[in-house]
Every structure is written in structure tokens, then in C-alpha cells.
Amino acid sequence: MSAIVTRFAPSPTGYLHIGGARTALFNWLFARHFGGIFRLRIEDTDRQRSTEDAIQKIFEGLQWLGLDWDGEVVFQFARAERHAAEARRLVAEGKAYYCYCTPDELTRMREEARAQGLPPRYNGYWRDRDPAEAPAGVAPAVRLKAPREGETLVQDLVQGDVRFPNTELDDMILLRSDGTPTYMLSVVVDDHDMGITHVIRGDDHLTNTARQTQLYLALGWDVPAFAHIPLIHGPDGAKLSKRHGALGVDAYRDLGYLPEAMRNYLLRLGWGHGDEEIISTEQAIEWFGLENVGRSPARFDYAKLDNLNGHYLRQADDARLAGLIAPKLAETAGHALTEAETSLVTRAMEGLKARAKTLVQLTESARFLVTPRPLPFDAKAEKLIAKGTPGHDRLSALADELAAIDSFSAAQIEGAARALAEATGAKLGDIAQPLRAAVTGSTVSPPIFEVAEILGRDETLARIADALRHAGGHH
């Protein structure tokens with residue numbers, strides 16, 4: 001068996017959306033599973049809508065997802081002359097013809113078909129006419145002489161055999177009257193020239209595939225294997241759209257998802273391996289096959305994505321996570337994080353990541369570590385340390401105890417808090433919560449005794465002093 005070659009072929013008229021990212025992933029996994037080749041082609045023939053910015057976004061999205069492609073990127077528009085040459089060859093071989101219909105005539109044709117209850121399509125007017133009858137000064141389009149009898153069979157690796165009566169497929173345009181190739185022609189010539197063996201794409205392309213199959217056969221080329229995967233639906237079962245918050249891959253990155261979580265999540269949208277939910281990329285490459293792609297649409301589920309991302313956050317390296325949230329924390333600190341601050345965030349990461357599901361949540365919960373003193377306090381924290389409350393008095397008493405302990409470890413800090421609780425008939429939480437409010441500015445944080453140890457004695461005591469001063473007491 002020759003090498004398997006797949007491709008991802010987005011059109012750069014917008015960002016890399018989530019459905020495209022999943023298509024790219026499936027093609028990448030299929031190629032990697034068989035030790036084959038994964039190519040990238042930019043279908044930039046729509047000159048009005050294709051932008052350089054969108055091309056960069058597609059590259060960045062694939063790189064962020066970790067989907068590396070092989071060989072040079074192919075730009076479709078640059079190959080227009082090659083595409084046109086094949087259309088001219090078909091005309092020379094009698095498999096395509098010049099069509100001189102004007103836009104008005106085509107509109108009339110469609111209307112007549114509709115009036116007869118038929119699908120609106122070209123009726124083959126110039127198919128067998130003598131070009132000598134051509135009207136003067138009209139630039140012709142080139143159309144494929146599609147078979148009129150029988151059917152076109154698509155042997156799909158996901159959908160099974162799909163049959164199209166040839167009466168439903170008209171003579172499609174290969175070259176427009178201005179000489180530019182159509183999408184259908186460009187795709188077929190590119191896939192052939194790039195040696196693509198397997199085309200894996202959304203099932204909204206099935207009719208295109210029937211037409212492209214006719215074109216492959218007319219050109220005398222091998223038809224690649226096709227696999228049409230169901231589209232992704234929103235939670236309500238309708239096709240995923242902007243209304244559901246269908247975003248570009250870059251937006252998921254900004255929302256705080258890790259690329260490995262995104263790969264795992266997209267993999268499970270329409271593909272399965274038993275009941276496995278957590279599947280590493282190495283495992284996915286080993287297991288991936290088209291026989292496990294479902295035929296019904298997958299539903300996008302944010303709660304599932306969040307839970308999966310939380311799993312990968314907990315597995316992730318602490319220094320890597322600190323690096324990922326450092327740019328946002330720099331906004332809080334008012335400067336790029338110093339080595340000491342980065343080290344502080346890394347040491348606190350074990351406790352921080354245990355309760356975060358996204359990098360955005362992780363950043364929020366780590367802000368207190370680098371917020372310039374004196375810290376701002378949220379409403380609940382204010383209440384806990386207000387002057388005249390038991391919390392204020394306990395915090396003041398705890399400060400004296402903490403100044404006296406010999407080693408400033410989480411265990412010793414907790415020991416001091418327990419001793420104070422027993423001595424004053426309070427619960428441990430009655431001592432820990434005011435400490436948390438003073439040290440973090442909030443009533444929610446990782447385990448507070450560990451936080452105090454990470455901050456160190458000087459910083460912890462300074463923050464307590466700030467809090468007592470803020471509440472109107474002196475310490």
C-alpha cells in the first residue's frame with residue numbers, strides 16, 4: 001500500500017472555526033496513525049474575501065493545536081493556470097464544452113425548470129451545439145459533459161455507499177467566462193497533483209463529492225477515498241453557528257483552554273473508542289480510524305469541555321502554567337513578573353490548579369500573589385476583618401503568634417492557628433478565614449496555611465498589618 005496522504009484545505013475568509021479544527025485533527029490523526037503525510041492547502045480563490053490576516057489565523061490556530069503539516073503550504077490561487085489547462089484538455093478530448101449562455105438566459109432556464117416542478121439547473125443548451133453558432137463577442141464558460149444516464153456512486157468510509165442519480169447533477173462550470181477556474185475544478189486538480197489518497201471532510205460536501213467524482217473520471221484519474229464526517233451541532237441540536245458562540249480556535253485559547261484538552265475534546269466530537277473520555281494525543285494516534293467515526297452529528301457541550309480542561313490543568317506542569325498566566329498577571333502587578341514573582345506563582349500552582357477549570361479562572365485565583373500592597377478587599381473579606389468584629393481581634397492575636405513561630409511552614413502556621421482557636425474557644429475556620437481575607441483580599445483561595453508558607457513570614461505579616469490598618473485598627 002502506498003503512503004496515505006491527507007489534507008486540510010480551509011478557505012481564508014475568516015478564522016479557523018471549531019468544525020474546521022476538528023476536520024484538521026481527524027486528517028492529521030489519520031495520516032499520523034498510518035505514518036502517512038498531512039498536507040495543508042489554502043483555498044484562496046475567492047479573492048474578494050480571502051485575507052492575509054485570515055491565513056495567519058489559520059496557521060496560528062493549527063500551530064496552537066499542535067497539528068503540524070508536512071511539506072510546503074499550497075496556495076490554490078497561485079495554481080489557477082494549471083487548473084485551467086486541465087479544463088482546456090477536457091474540451092479538446094470532447095469531455096467538456098464551451099457554453100455561451102448569458103446570465104439572463106440561465107435565469108430564464110432555472111425559472112422554467114421551477115415552473116415545471118423540476119430542480120433549477122442548466123439544461124445543457126450548448127452541450128451538443130456547433131460552436132460555429134456562437135454569438136459574436138460573448139466569452140464562453142467551460143462546462144463538464146456530465147453523464148446523463150445511470151448514477152454516480154460515492155463509496156464513503158463513514159456514510160457507506162451513497163448514490164446520486166445523474167439526472168440530478170447538471171453540467172457544472174469548470175472555467176468561468178473570464179477564464180478563471182471554479183472551486184470544483186481547482187479542488188480536484190490540486191488533490192490529484194498533491195497525491196491525496198483520502199479526503200476527510202464535513203458531510204455538507206457530499207453532493208460536491210458526487211460532482212468531483214464525475215470530474216476525476218472524465219480526467220482519467222484515480223478517485224481518492226472519501227470520508228464525510230457529520231457536522232457539529234449546538235447543545236440544542238441545531239447546526240453549530242455563531243448563535244451558539246461558535247468561535248474561532250484563537251478564541252478558545254483566549255478563554256483559557258489548553259491545546260491538549262481541545263484536541264481531546266474535538267477528538268470525542270464524533271469519534272469514540274469504547275467508553276474512553278480522556279485520551280492523550282499519543283493514544284489517539286495509536287487508536288484513530290475512520291471505522292469509529294459516528295454517523296450522527298455530535299453536540300458541542302461547554303460543561304464537558306470545562307471538565308476535560310480541568311483534568312488537563314491538574315496534569316500540567318506547574319512552571320508551564322505559571323508561564324501561560326504570567327502575561328495576564330503582569331497586568332495586575334503593573335510590570336512584567338520578576339523571577340521571584342514567577343517562582344512564587346509556580347510554587348502556589350499545586351493549590352491553585354486543583355480548583356480551576358480554565359486558565360482564566362487560574363489567573364483570577366492567582367492574582368492575589370502579585371497584587372501590589374496594600375491589597376484591595378472584596379465585600380465579604382471586608383466584613384470578616386472589620387474593626388470591632390471577632391475576626392479582627394482573632395487576626396490581631398494570630399499575627400503575634402505567627403511572628404513568634406520558629407519555622408514558617410504550613411504545619412507550624414496551622415498549629416499556631418489551632419492553638420489560638422482552642423485558647424479562645426473558636427473553631428479553626430474562625431481563625432483561618434480572617435487570615436485568608438487579610439492575605440488574599442478574598443474569602444476563597446487555595447489552602448490558606450500553604451499560601452502563607454509560600455508567601456513567607458515577612459509578606460504574610462505585612463499583609464496582615466495592612467488589613468488591620470485598613471480596618472481601622474493599629475498593629
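Reply: A definition to begin with: buried means under 20% relative accessible area, exposed over 50%, and partly exposed in between (1.4 Å probe, protein chains only). This is a predicted model, where local features need pLDDT of at least 70, side-chain atom pairs count only at pLDDT 80 or more, and totals for chains, interfaces and linings use all residues. Residues are numbered from 1 along each chain as its sequence is written, and side-chain values use heavy atoms, with hydrogens and water left out.

Me: Is Cys99 buried or exposed?
Reply: Cys99 is buried, at 3% relative accessibility.

Me: What stands opposite Cys99?
Reply: Ala141, in strand 5. Strands (E, at least two residues) and helices (H or I, at least four) are DSSP runs numbered from the N terminus. Two strands pair if DSSP finds at least two bridges between them. Strand 5 pairs antiparallel with strand 4 (residues 96–99) over four bridges, and with strand 8 (residues 173–175) over two, also antiparallel.

Me: Which faces of strand 5 are covered?
Reply: Both: Ala141 and Arg143 on one side, Val142 and Leu144 on the other, are all buried. Arg143 stands opposite Ile173 in strand 8.

Me: New topic. Where is Leu153?
Reply: In strand 6 (residues 151–156). Leu153 is partly exposed, at 31% relative accessible area.
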